[in-house]
Every structure is written in C-alpha cells, then in structure tokens.
Amino acid sequence: MNQPIGDMIDPSQIPEGFSAVDPSAPAGAASQQSQMPQKAEAEARKQAILEQALTIEALERLRRIKLVKPERAVKIESSIVSMAMQGRLPGKINEGRLIEMLEGLIGGERQREPEAGKISIQRKKYAFDSDEDDDDDEDLM
C-alpha cells in the first residue's frame, strides 16, 4: 500500500480544479519525479559519449577510479564530455592519455590545496623515552 495517492485515483473521478498530487508529499516531489527520467537520459548520453571517446582500457580505468574517488572521476568525465562536444578530441583517449589527464587534475588540486593528501605522522612521547644517544635500554633492567 505504498502507492502514491495519485496512482490509486482514476483521473476521471477528480473534480475540475483539483489534482491527484499528494498534499502530504514533500514540496517539489512531482517535479522531482519528472526530473528523474531527464537525469537518467542525460546520464545515458554522457555514458554514450564516454564510450565513444575512450578506449576500452581507459573506460575500465575510469570506472575503477569512480569506485575509489568519485569526485575525481566526475571531473574527468565532465572534462572529456565537454572536449568531445566542442570537437577538441583528435581521436579516442587511451589509458596513457587518461593517466596524464588525471595527473594534471591531481597536480592542479595540489597547487590549490598543498596540504590535501599530505600525511603527517606524530609519534607519542613516553616518560621513559630519552633523546640521548645511548639508547641501549640498560636502564630498564
């Protein structure tokens, strides 16, 4: 019984001036339902462009990247799609060219945020730790 109210009512039974939209539904729910097919269609077009613009190996690598770093994959995908739409792709992008594009993207991210991706290790100091050169642990026995 999780059907929307609009699906349970016959449209011919709705009085003039009324609609079958559920008033308890969140605002914009009807527009979200109409946007879902548009989003799916746009995603299908994007995938079709990527399949034409990338070799099989590059497409597989992009899908693996999408599993690990979805934000980077989206940036690369949009870049490739825009290049394809503008006619700036001389041919199919192979795996090596995709790696170069990723390195350029990562390099740009590091220039904007040099601390991003940097790992710093801070070791804890203990009371019996010493900074002396004779650290032979004889004092512990």
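Tutor: A quick definition to start: an axis here is a line fitted to C-alpha atoms, for helices over the stretch in contact, and angles run from 0 to 180 degrees between N-to-C directions. Keep in mind that this is a predicted model.

With that in hand, take α3 and α5, which pack at an angle of about 35° with their axes 8 Å apart. On the α3 side the contact is made by E57, A58, R61, L62, R64 and I65, and α5 brings E95, L98, I99 and L102. Sort those residues and you get six nonpolar, no polar and four charged.

Now turn to α3 and α4. Their axes sit 6 Å apart, at an angle of about 140°. Angles over 145 degrees would count as roughly antiparallel, so α3 and α4 are oblique to each other. Here α3 uses L62, I65, K66 and V68, while α4 answers with P70, A73, I76 and E77. This contact divides into six nonpolar, no polar and two charged residues.

Next, the core itself. The largest nonpolar core has 18 residues, and those touching the most other members are L50, L54, L62, I76, I80, I93 and L98. Two or more residues each come from α2 (29–53), α3 (56–68), α4 (70–86) and α5 (95–112), with α4 giving the most, five residues.

Leaving out residues up to four places away in sequence, I93 touches A53, L54, T55, A58, I80, L98 and M101. Among these, A58 and L98 also belong to the contact between α3 and α5.

Terms used:
Residues are numbered from 1 along each chain as its sequence is written. This is a predicted model: local features need pLDDT of at least 70, side-chain atom pairs count only at pLDDT 80 or more; totals for chains, interfaces and linings use all residues. Side-chain values use heavy atoms; hydrogens and water are left out. A nonpolar core is a set of buried Ala, Val, Leu, Ile, Met, Phe, Trp, Tyr and Cys residues joined through side-chain atoms within 4.5 Å. Buried means under 20% relative accessible area, exposed over 50%, partly exposed in between (1.4 Å probe, protein chains only). Helices (H or I, at least four residues) and strands (E, at least two) are DSSP runs, numbered from the N terminus. Contact means heavy atoms within 4.5 Å. Ala, Val, Leu, Ile, Met, Phe, Trp, Tyr, Cys and Pro count as nonpolar, Asp, Glu, Lys and Arg as charged, and the others, Gly among them, as polar. Angles under 35 degrees count as roughly parallel, over 145 as roughly antiparallel, 65 to 115 as roughly perpendicular and the rest as oblique.
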